[in-house]
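Visitor: I would like to learn how to read a model like this one. Please show me.

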Amino acid sequence: MKIKETFAPGLDGVIAAETEISFLDVEKEKIIIQGYDLIELSKNKDYLEVVHLLLEGVLPNASEKAALKERLAVNYELPTNVLKVLDLLSPEIHPMDAMRTGISVLAGHDDSIDDRSLEVNKKRAYQLLGLMPTLTVNSYRILNGKEPVAPLKDLSYSENFLYMITGQKPTELETRVFDQLLLLYSEHEMPNSTFTARVIASTNSDLYGALTGAISSLKGNLHGGANEAVMYMLQEADTIDGFEAIIHEKLRQKEKIMGFGHRVYMKKMDPRAVIVKEALKELSSIDGDNSLLEKCEAGERIMAEEKGLYPNLDYYAAPVYFKLGIPIPLYTPIFFSARTAGIAAHVMEQHENNRIFRPRVNYIGKQYE
Ligand SMILES: CC(=O)SCCNC(=O)CCNC(=O)[C@H](O)C(C)(C)COP(=O)(O)OP(=O)(O)OC[C@H]1O[C@@H](n2cnc3c(N)ncnc32)[C@H](O)[C@@H]1OP(=O)(O)O
Ligand SMILES: O=C([O-])CC(=O)C(=O)O
C-alpha cells in the first residue's frame, strides 16, 4: 500500500533537518561549518578551534582557546569503573564496541542525566571530548592485554592523543598532520551516524545514548569503518602491479572498493581527501618511502577510468594514519573521537528544536481479509 509515491531508498536527497551547524555546498566545493569552509579552516586553524566553533558557534580568541584546552584536559582521566568494565570485555571485539560500552558506563557517572538543557548538554559534550582520546586509546590497549596509558596534560590535545597511541612524543609535523585529520573528521553535515544520533536525541534521549547509536553506525565499512578496510586492502599487495590487479579483480567481482564514492560528492573527489593526500605526499617525502602513495594513486587512476569514482576522506586518511605509526584498529575510533564534536553539536541542536523522527513506509507485504 502506497501512502505517497515519493520513496527515496537510503533517504537519498531527503532533507532531514534544518541546521545552523554545517552544509556540504557541492557546487561551490565547500564544506560549510558555522559559516566557515572546513577546508580553509584546515589550513590555518586547529582541531580545538573547530571544536569551539561547533559547540559555541564562533571561533575562539586566544584566551578562549587556552581555556578550552584546560577545560578538556581536566577531563582526560577515565573513571576507574570504565577501566574495570573494559577489562571484562572479550578481547575479540573491536575497539569501537569497547568504546560504545565505555560511553554507556560514563552515562552512569552523570548525576544530571535527565537534564537536556543547552548548558548541561554543552558541559557534557566538553567532558566527553576531554575523555575521548583516553577512552579511544585505552579501549584498544585493554583489549590487547596492555596497561592503560596515562594522558600527559601539558601536551596539546592532539599531541597528547598521538603520544598515548604511539608511546612517543610526536614531532611537530606528526602533530600537525594528526590534528588536521581530527579537524577534517570533526563534522560533515548529515552522515548516517549524525542522523542516527539526531533520531535518538529526538525521543528526548540523552547524549550518551545518541553517541552509542552513532558509534555503532560509524563502525560500518560503508561509513567510518572504511578507513581500516582501505589499509587492509593496501596491505594485500606488495607491489603497485599487485595492487592494481586486486582492484581490477574486486571490480570484476562487483565488490565495492573501500575509500571510493560518496552519497553527496558522488562523481567528485571529497575535498578533504585532496588535503590529506597532500599530507601523505609530505610524510612520504620526509621518510623517503613513496610506496603507499604510489599504490593509492594507482587505485585512484583505475577507479576514475573504470567507474568514474573518486576518493573520499577515508582513502587517504588510512595511509596517513599508517605513516604516523597508528595501529589499524584505531583508525575508525579516532574518526569517531574527532566526530564527537560534530555529533554533540547536532544532538544539542535537536534537543533545542525538537520534533520526534517518525517516518512512514510503503507496505509491500501480504494483506489477509
Ligand atoms: C568518511 C566516510 O564515511 S565516507 C564513506 C566511506 N565508505 C566507503 O568508502 C565505502 C565504499 N563506498 C560506498 O559503498 C558508497 O560509495 C557509499 C556508501 C559511500 C555511498 O553509497 P550510495 O550513495 O548509496 O551509492 P551506491 O552504493 O548506490 O553506489 C552508486 C553506484 O556506484 C557504485 N559504487 C559506489 N561506490 C563504489 C565503490 N566504492 N566501489 C565500486 N563501486 C561503487 C555502486 O556499485 C553503484 O553502481 P550501480 O549503479 O551500477 O549499482
Ligand atoms: O558524509 C557522509 O555520508 C560520510 C562522511 O564523509 C563523513 O561522515 O565524514
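Visitor: Which residues are around ligand 2?

Guide: A residue is near a molecule or strand if its C-beta atom, placed from the backbone, lies within 6 Å of it. Around ligand 2 these are H188, P191, H223, H262, R263, V264, N312 and L313. Before we go on: this is a predicted model, where local features need pLDDT of at least 70, side-chain atom pairs count only at pLDDT 80 or more, and totals for chains, interfaces and linings use all residues. Residues are numbered from 1 along each chain as its sequence is written, and chains are lettered from A and ligands numbered from 1 in the order in which they are written.

Visitor: How many nonpolar, polar and charged residues does the shell around ligand 2 have?

Guide: Classes first. Ala, Val, Leu, Ile, Met, Phe, Trp, Tyr, Cys and Pro count as nonpolar, Asp, Glu, Lys and Arg as charged, and the others, Gly among them, as polar. The ligand 2 shell has 3 nonpolar, 4 polar and 1 charged residues. Around ligand 1 the classes are 7 nonpolar, 7 polar and 4 charged. Of the 18 residues around ligand 1, A226, K256, F260, G261 and R263 come nearest.

Visitor: Which residues does UniProt list for "active site"?

Guide: UniProt positions are given in the numbering used here, feature names are shortened, and annotations may be inferred rather than shown by experiment. The unreviewed UniProt entry lists H262 and D314. They span 53 residues in sequence, yet no two of their C-alpha atoms are more than 10.7 Å apart, so they gather at one spot.

Visitor: Where does H262 lie?

Guide: Helices (H or I, at least four residues) and strands (E, at least two) are DSSP runs, numbered from the N terminus. H262 sits in the loop between α12 (240-252) and α13 (271-287). D314 belongs to helix α15 (residues 313-323).

Visitor: Is H262 buried or exposed?

Guide: Count neighbours. A residue is buried if 20 or more other C-beta atoms lie within 10 Å of its own, exposed if 12 or fewer, and partly exposed in between, with C-beta atoms placed from the backbone. H262 is buried, because 21 other C-beta atoms lie within 10 Å. D314 also counts as buried, with 30 C-beta neighbours inside 10 Å.

Visitor: What is H262 in contact with?

Guide: Two residues are in contact if their C-beta atoms, placed from the backbone, lie within 7 Å. Leaving aside neighbours within four places in sequence, H262 is in contact with D270 and N312.

Visitor: How many residues of α9 are buried?

Guide: Helix α9 (residues 192-201) is mostly covered, with 8 of its 10 residues buried. Among them are T194, R198 and I200. The buried residues of α9 pack against α10 (207-219) and α16 (331-352).
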